[in-house]
Amino acid sequence: MEGFSNLCGKVAAVLFIIANVYFPAKQIARRFTVWTKETADFFRVYLVLHGVLNTIAFCALILHGHYAEEHNYVLQASFILTVFLILQGLIMQYKLAPGVQRQMRILHTQQALFFVWVALIIIGHAIA
Ligand code: HEM
């Protein structure tokens, strides 16, 4: 099943990248371009894609981790953080917990959290 795990890992990686380029792309557009109605519309559609692709990538990630032969604490930490990000995203997008929408948004959109997530994935795979 190692081959299947690797395939799922590649699918998850590609989908996570496409889904989360949303964040740096929006930062760059805000800083270096004029924020037109077209730009706002583009990022509104991209935000929907961000949610859908991250959720599909997460399913591939579960299979990747389940069938992988090697594990370590850094990869396990990155998985737990991914679960938190996905849950926060789903709660926000579908307003599953109206009382904590604001807190979820603050947590989910932390730049530091995003960079810690990326760092854990890279370091975890480098030492595996
Ligand atoms: C590992 C998975 C995920 C990561 C790393 C991630 C990361 C991020 C980041 C960094 C932002 C901030 C973008 C900005 O400031 O413009 C953001 C925004 C957002 N994400 Fe995610 N996200 C993930 C999964 C999801 C999922 C699964 C959903 C929904 C189903 C989702 C829904 C949203 C929404 C609605 C926003 C906009 C929040 C707002 O500005 O009001 N995210 N995400």
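This is a predicted model: local features need pLDDT of at least 70, side-chain atom pairs count only at pLDDT 80 or more; totals for chains, interfaces and linings use all residues.

Colleague: How many helices and strands does the protein chain have?

Modeller: Six helices and zero strands. Helices (H or I, at least four residues) and strands (E, at least two) are DSSP runs, numbered from the N terminus. In sequence order the pattern reads α-α-α-α-α-α.

Colleague: What does the C-alpha trace span along its principal axes?

Modeller: About 50 × 35 × 25 Å.

Colleague: And what share of the residues is buried?

Modeller: Of the 128 residues in the protein chain, 12% are buried. Buried means 20 or more other C-beta atoms within 10 Å of the residue's own, with C-beta atoms placed from the backbone.

Colleague: New topic. Where are the domains?

Modeller: Domain 1 is 1–69 and domain 2 is 72–128. These bounds come from an automatic or database domain assignment.

Colleague: Which residues make the contact between them?

Modeller: Seven residues from domain 1 and six residues from domain 2 take part. Two residues are in contact if their C-beta atoms, placed from the backbone, lie within 7 Å. On the domain 1 side, helix H3 (residues 37–67) gives the largest share, six residues.

Colleague: How far apart are the C-alpha centres of the two domains?

Modeller: They lie 13 Å apart.

Technical notes: Residues are numbered from 1 along each chain as its sequence is written.
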